[in-house]
Amino acid sequence: MRLTETADIWWKNAVVYCLDVETFFDTNGDGCGDLRGVGQRIDHLADLGVTCLWLMPFYPSPDRDDGYDITDFYGVDPRLGTHGDLVELITLAGDRGIRVIADLVVNHTSNAHPWFQSARASRQSPYRGWYVWRDEPPADQHEGIVFPDQETSLWQYDDEAGQYYLHRFYKYQPDLDIANAEVREEIQRVMGFWLQLGLSGFRVDAVPFLLDTTGAEDAGNLPDPHDYLRDLRAFLDRRHGQAMLLGEVNLPYPDVRRFFGDEDGDELTMCFDFIGMQRMYLSLARNDPAELVKSLRQRPATTEESQWGTFVRNHDELTLDKLSDDERQEVFDAFGPEKEMQLYGRGLRRRLPPMLGNDQARLKMVYSLLFSLPGTPVLFYGEEIGMGENLAIEGRGAVRSPMQWTTGPNGGFSTADPEHLTAPVTEGEFGPEHVNVAAQRRDPDSLLNWIKLLVRRYRECPELSWGECTILEHNAPAVMAHRSEYEDGAIVTAHNFGAEATEVTLGVAGSGVGLRAVDLLRDGSTELAENGSLTLQLEPYASRWLRIVGPGDRYLI
């Protein structure tokens, strides 16, 4: 494959890394991470092989929801730095081949936002129509609550306004009215501002809620909300031809497919594969890949320039809402049996290593799976070293504890007194004395070095992200195997979900004459049988990536 075939569509085989600026690295000793800190640690990301940095919200905020309650869409939280610091970070990242995207959180604002303060003060305010108001809440006000342990209604009465306002999330996050043309235009201005400062796109928060106009007046006569998403994409393409929109769309596959747009892919550039993630955890709980295989077979194809985002976990709770009650309970029993490990009855507030008992072989298998599945892998900070959660932190914050750099005080995150940290450092088996970047850089068998290898091989194998994926049939129930083909290349991967060694025979070619399978994650190669089959001996939780090559192939292997 020629580089020019993929350079403009960089997200198809990117490596995305999400971090919370507050908890990554503190340079001024105030206990809060900052943009300069991310810049000082940018070489860690470059060494890992990251090509796209996703910044969680860095905008001014009361910080009641980790920055997702925003008071100024054009600002930078002074605790985190300045616009100049952000531009410097974007420049440092660009020098290392890393693009930067940021959260676009425009479904709602903070109730402290000047727009809302003006809107609630007077019905004649120019911002009154930017929010959704009613004299009385509708009959279905208790349906579809996102945080059932915190809220009892989607509508909140405001004494100053004399009306109820809609809030899909917390009551301190009033929804913007996407049906209002002025709101839609303002969102474009916000996007244009940050693109001008150097961002390469956005992770769009809560897309289905953003497009939901059911609470608006005369909603039945409004145009299709997807038309607005197409307008946003068109605006993005005009302003920055190589920018992307990565959407948070946790819906069944047929519904998610709509958010990519028509055959031209004219809406979201990428969507997270929430269904595949949830089925993967069910497969891990059962030591059987069947559920993950089923999800891959059901997953709709995207357009040529669109892509699925694959992930092991993200910054929120590990949602299991698309599993049945019995299936969800299976995952809870296996990976989060205690109530404090669960959230809202639908997900887990845990990281993967504690869930797997810190079994390094199994951990490495899961990340091998992540990088070999069709799609673009997305990492959450700390995954590369196997950080654990801190259940002492409330709610979803359990997985947002400070990054662990060294064995020093506060894990090298900050020189502040521990009580002044923005979040407490994890303690115990997964504390920084046992899990940190510095030690793993020096350990050739560490998870960090394993993920570096996976990133390198993933980037060398465009078949995995660009190619056609075929699930390979065989008679080893604990093994998932698939073949990815693109142009003249073919990669075969096999993953053993079981705790027992097993043998598997795979049909990987029509004829094996003159062909061999070259291991990409270890030394060695195997001649294919004449009938094109390949027999592998797989250790417990083994991972194998193999390139099928002929006598004249010139791959760097």
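Me: What covers the buried residues of α4?
Reply: The cover includes β4 (133–134), β5 (155–158), β6 (163–166) and α5 (181–196). Helices (H or I, at least four residues) and strands (E, at least two) are DSSP runs, numbered from the N terminus. The model is predicted: local features need pLDDT of at least 70, side-chain atom pairs count only at pLDDT 80 or more, and totals for chains, interfaces and linings use all residues. Residues are numbered from 1 along each chain as its sequence is written, and side-chain values use heavy atoms, with hydrogens and water left out.

Me: Why is Phe260 called buried?
Reply: Buried means under 20% relative accessible area, exposed over 50%, partly exposed in between (1.4 Å probe, protein chains only). Phe260 has a relative accessible area of 0%, so Phe260 is buried.

Me: Why does Tyr157 count as partly exposed?
Reply: Tyr157 counts as partly exposed because its relative accessibility is 38%.

Me: What makes the pair of Phe260 and Trp308 edge-to-face?
Reply: Rings of Phe, Tyr and Trp (its six-membered ring) pair if their centres lie within 6.5 Å; planes under 30 degrees apart count as stacked, over 60 as edge-to-face and the rest as tilted. The ring centres of Phe260 and Trp308 are 5.2 Å apart and the planes stand at 75°, so the pair is edge-to-face. Phe260 is in the loop between α8 (253–258) and β9 (270–272) and Trp308 in strand β10 (residues 307–311), so the pair ties together parts that are 48 residues apart in sequence.

Me: How do you know that the charged end of Lys12 sits over the ring of Trp466?
Reply: A charge sits over a ring if NZ of Lys or CZ of Arg is within 6 Å of the ring centre and within 35 degrees of the ring normal. The charged end of Lys12 is 5.1 Å from the ring centre of Trp466 and sits over that ring.

Conventions. Contact means heavy atoms within 4.5 Å.
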